[in-house]
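Subject: Handover of a structure and notes on it

Dear colleague,

I am passing on the structure below, together with my notes on what was found in it. Please read them with the model open beside you.

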Amino acid sequence: MVDVGGKIATRRVARARSRVVLGAEILALVQAGDLPTRKGPVFQTAILAGVMAAKKTADLIPLCHPLGLDDCQVRIEVAAPDAIIIECTATVTGKTGVEMEALMGASVAALTVYDMCKALSHNIVISETRLIEKTGGKKDFHHVDE
(Lines give C-alpha, C1' and ligand atoms only; values in the text may rest on other atoms or scores of the structure.)
Protein backbone atom coordinates (compact mmCIF):
# COMPACT_ATOMS: atom_id res chain seq x y z
CA MET A 1 0.00 0.00 0.00
CA VAL A 2 0.99 3.60 -0.41
CA ASP A 3 1.65 5.29 2.94
CA VAL A 4 -0.85 8.14 3.29
CA GLY A 5 -0.15 8.73 7.00
CA GLY A 6 1.55 12.07 6.43
CA LYS A 7 -1.22 13.50 4.29
CA ILE A 8 -3.88 15.90 5.54
CA ALA A 9 -7.50 14.74 5.31
CA THR A 10 -9.48 16.73 2.74
CA ARG A 11 -12.91 16.41 1.16
CA ARG A 12 -12.52 14.33 -1.98
CA VAL A 13 -15.10 13.70 -4.67
CA ALA A 14 -14.88 11.46 -7.74
CA ARG A 15 -17.40 10.81 -10.49
CA ALA A 16 -17.21 7.89 -12.93
CA ARG A 17 -19.38 6.78 -15.81
CA SER A 18 -20.24 3.53 -17.58
CA ARG A 19 -22.19 3.33 -20.82
CA VAL A 20 -24.37 0.29 -21.44
CA VAL A 21 -25.67 -0.34 -24.95
CA LEU A 22 -28.90 -2.25 -24.44
CA GLY A 23 -30.22 -2.06 -27.99
CA ALA A 24 -33.28 -0.21 -29.20
CA GLU A 25 -35.74 -2.99 -28.26
CA ILE A 26 -34.71 -3.18 -24.59
CA LEU A 27 -34.33 0.60 -24.40
CA ALA A 28 -37.91 0.99 -25.63
CA LEU A 29 -39.01 -1.06 -22.62
CA VAL A 30 -37.24 1.31 -20.21
CA GLN A 31 -38.19 4.63 -21.85
CA ALA A 32 -41.24 5.10 -19.61
CA GLY A 33 -39.34 4.24 -16.43
CA ASP A 34 -37.69 1.31 -14.73
CA LEU A 35 -37.80 -2.08 -16.42
CA PRO A 36 -39.38 -4.74 -14.21
CA THR A 37 -37.89 -8.23 -14.61
CA ARG A 38 -38.31 -11.53 -12.83
CA LYS A 39 -35.38 -10.45 -10.64
CA GLY A 40 -36.97 -7.09 -9.79
CA PRO A 41 -36.69 -3.51 -11.06
CA VAL A 42 -33.48 -3.19 -13.10
CA PHE A 43 -32.47 0.40 -12.37
CA GLN A 44 -33.26 0.32 -8.65
CA THR A 45 -31.35 -2.93 -8.24
CA ALA A 46 -28.38 -1.60 -10.25
CA ILE A 47 -28.26 1.56 -8.13
CA LEU A 48 -28.15 -0.48 -4.92
CA ALA A 49 -25.50 -2.81 -6.37
CA GLY A 50 -23.35 0.16 -7.39
CA VAL A 51 -23.46 1.73 -3.93
CA MET A 52 -22.75 -1.61 -2.25
CA ALA A 53 -19.80 -2.25 -4.59
CA ALA A 54 -18.30 1.19 -3.99
CA LYS A 55 -18.34 0.45 -0.25
CA LYS A 56 -16.48 -2.85 -0.87
CA THR A 57 -13.81 -1.55 -3.25
CA ALA A 58 -10.87 -2.26 -0.92
CA ASP A 59 -12.02 -5.89 -0.64
CA LEU A 60 -11.74 -6.33 -4.42
CA ILE A 61 -8.83 -4.14 -5.57
CA PRO A 62 -5.46 -5.23 -4.12
CA LEU A 63 -3.70 -2.59 -2.00
CA CYS A 64 -6.61 -0.16 -2.25
CA HIS A 65 -7.15 1.72 1.02
CA PRO A 66 -10.44 0.94 2.78
CA LEU A 67 -12.50 4.12 2.96
CA GLY A 68 -15.54 5.06 5.00
CA LEU A 69 -17.48 6.90 2.32
CA ASP A 70 -19.31 10.07 3.31
CA ASP A 71 -21.68 9.64 0.38
CA CYS A 72 -22.20 7.56 -2.75
CA GLN A 73 -24.82 8.28 -5.39
CA VAL A 74 -25.57 6.25 -8.52
CA ARG A 75 -27.68 7.79 -11.27
CA ILE A 76 -28.97 6.13 -14.44
CA GLU A 77 -30.28 7.98 -17.47
CA VAL A 78 -31.41 6.96 -20.93
CA ALA A 79 -29.08 7.93 -23.79
CA ALA A 80 -31.10 7.43 -26.94
CA PRO A 81 -31.18 5.69 -29.30
CA ASP A 82 -29.98 2.50 -27.64
CA ALA A 83 -28.01 3.04 -24.42
CA ILE A 84 -28.05 4.11 -20.80
CA ILE A 85 -25.44 6.11 -18.90
CA ILE A 86 -24.62 5.15 -15.32
CA GLU A 87 -22.81 7.70 -13.17
CA CYS A 88 -21.45 7.05 -9.71
CA THR A 89 -20.29 9.89 -7.47
CA ALA A 90 -18.33 8.97 -4.35
CA THR A 91 -17.36 11.38 -1.58
CA VAL A 92 -15.01 11.00 1.38
CA THR A 93 -13.16 13.18 3.83
CA GLY A 94 -9.81 11.45 3.95
CA LYS A 95 -6.18 11.17 2.97
CA THR A 96 -6.65 9.33 -0.31
CA GLY A 97 -8.91 9.69 -3.34
CA VAL A 98 -12.17 7.93 -4.17
CA GLU A 99 -11.65 7.33 -7.89
CA MET A 100 -11.61 3.56 -7.51
CA GLU A 101 -14.84 3.64 -5.49
CA ALA A 102 -16.60 5.71 -8.14
CA LEU A 103 -15.30 3.44 -10.92
CA MET A 104 -16.30 0.33 -8.99
CA GLY A 105 -19.80 1.68 -8.38
CA ALA A 106 -20.38 2.52 -12.04
CA SER A 107 -18.91 -0.79 -13.21
CA VAL A 108 -20.92 -3.02 -10.90
CA ALA A 109 -24.12 -1.12 -11.61
CA ALA A 110 -23.47 -1.75 -15.33
CA LEU A 111 -22.80 -5.45 -14.69
CA THR A 112 -26.05 -5.64 -12.72
CA VAL A 113 -28.00 -4.17 -15.64
CA TYR A 114 -26.42 -6.77 -17.92
CA ASP A 115 -27.26 -9.59 -15.51
CA MET A 116 -30.86 -8.51 -15.14
CA CYS A 117 -31.43 -7.94 -18.88
CA LYS A 118 -29.53 -10.90 -20.34
CA ALA A 119 -32.75 -12.92 -20.61
CA LEU A 120 -33.91 -10.32 -23.15
CA SER A 121 -30.66 -10.19 -25.15
CA HIS A 122 -27.01 -11.20 -24.99
CA ASN A 123 -26.06 -8.36 -27.35
CA ILE A 124 -25.73 -5.93 -24.43
CA VAL A 125 -22.37 -4.11 -24.42
CA ILE A 126 -20.78 -2.41 -21.44
CA SER A 127 -18.47 0.29 -22.74
CA GLU A 128 -16.56 3.41 -21.84
CA THR A 129 -16.15 3.00 -18.11
CA ARG A 130 -14.08 6.04 -17.18
CA LEU A 131 -13.32 8.66 -14.58
CA ILE A 132 -15.19 11.89 -15.34
CA GLU A 133 -13.79 14.08 -12.58
CA LYS A 134 -12.04 14.10 -9.23
CA THR A 135 -11.42 16.91 -6.79
CA GLY A 136 -9.84 17.44 -3.41
CA GLY A 137 -6.47 15.75 -3.80
CA LYS A 138 -3.07 16.91 -4.95
CA LYS A 139 -4.35 17.39 -8.50
CA ASP A 140 -7.94 17.83 -9.72
CA PHE A 141 -9.10 16.14 -12.93
CA HIS A 142 -11.99 17.00 -15.23
CA HIS A 143 -12.64 14.98 -18.38
CA VAL A 144 -13.50 17.05 -21.44
CA ASP A 145 -15.75 15.32 -24.00
CA GLU A 146 -14.18 15.38 -27.43
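In what order do the elements of the protein run from the N terminus on? The order is β-α-β-β-α-α-β-β-α-β-β, which comes to four helices and seven strands. Please keep in mind throughout that this is a predicted model.

Overall dimensions and surface

The C-alpha trace of the protein spans about 55 × 35 × 20 Å along its principal axes. The radius of gyration is 16 Å, which agrees with the value near 15 Å that a compact globule of 146 residues would have. Of those 146 residues, 38% are buried, and among the contacts with a separation of 6 or more, 71% are between residues 24 or more positions apart. The accessible surface comes to about 8,300 Å², and carbon and sulfur atoms account for 56% of that area. As for charge, the protein carries 17 positive and 17 negative side chains, with the centres of the two sets 5 Å apart.

Salt bridges

The count of salt bridges in the model comes to nine, and I describe some of them here. One of them is formed by the side chains of Glu 87 and Arg 15, at 3.0 Å from N to O. This pair links distant parts of the chain, since Glu 87 belongs to strand E5 (residues 83-94) and Arg 15 to strand E1 (residues 10-21), 72 residues apart. Glu 87 has a relative accessible area of 8% and therefore counts as buried, the limit being under 20%.

Arg 15 also forms a salt bridge with Glu 133, where the closest N and O atoms are again 3.0 Å apart. Because Arg 15 lies in strand E1 and Glu 133 in strand E6 (residues 125-135), this pair ties together parts of the chain that are 118 residues apart in sequence. Glu 133, at 23% relative accessibility, counts as partly exposed.

A further salt bridge is the one between the side chains of Arg 19 and Asp 82, with an N to O distance of 4.0 Å. Arg 19 is in strand E1 and Asp 82 in the loop between strand E4 (71-79) and E5, so the two tie together parts that are 63 residues apart in sequence. Both partners are partly exposed, Arg 19 with a relative accessibility of 28% and Asp 82 with a relative accessible area of 24%. Through shared partners, salt bridges join Arg 15, Arg 17, Arg 75, Glu 77, Glu 87 and Glu 133 into one network.

Buried positions

Gly 105 is located in helix H4 (residues 99-117) and, with a relative accessibility of 0%, counts as buried. Not counting residues up to four places away in sequence, Gly 105 touches Gly 50, Ala 54 and Cys 88. The C-alpha atoms of Gly 105 and Arg 15 are 9.7 Å apart in space, and these two residues are 90 residues apart in sequence.

Thr 91, in strand E5, is buried as well, with a relative accessible area of 5%. The C-alpha atom of Thr 91 is separated by 4.5 Å from that of Val 13, a residue 78 residues apart from it along the chain. With neighbours within four places in sequence left aside, the contacts of Thr 91 are Arg 11, Arg 12, Val 13, Leu 69, Asp 70, Asp 71 and Val 98.

Thr 96 sits in the loop between E5 and H4. Its relative accessible area is 18%, and Thr 96 is classed as buried because the cut-off is under 20%. With the same exclusion of neighbours within four places, Thr 96 is in contact with Val 4, Arg 12, His 65 and Leu 67.

Backbone angles to look at

Which residue has a positive phi of about 65 degrees although it is not a glycine? That residue is Leu 63, which is placed in the loop between helix H3 (57-60) and E4 and counts as exposed at 63% relative accessibility. Glu 128, likewise a residue other than glycine, has a positive phi near 50 degrees. Glu 128 is found in strand E6 and is partly exposed, with a relative accessible area of 45%.

With kind regards

Methods
Residues are numbered from 1 along each chain as its sequence is written. This is a predicted model: local features need pLDDT of at least 70, side-chain atom pairs count only at pLDDT 80 or more; totals for chains, interfaces and linings use all residues. Side-chain values use heavy atoms; hydrogens and water are left out. Buried means under 20% relative accessible area, exposed over 50%, partly exposed in between (1.4 Å probe, protein chains only). The radius of gyration is taken over C-alpha atoms; the globule rule is 2.2 Å times the number of residues to the power 0.38. Contact means heavy atoms within 4.5 Å. Accessible areas come from the Shrake-Rupley method with a 1.4 Å probe; for residues, only the protein chains shown count as cover. Lys and Arg count as positive and Asp and Glu as negative; His and the chain ends are not counted. The place of a charge is taken as NZ of Lys, CZ of Arg, CG of Asp or CD of Glu.
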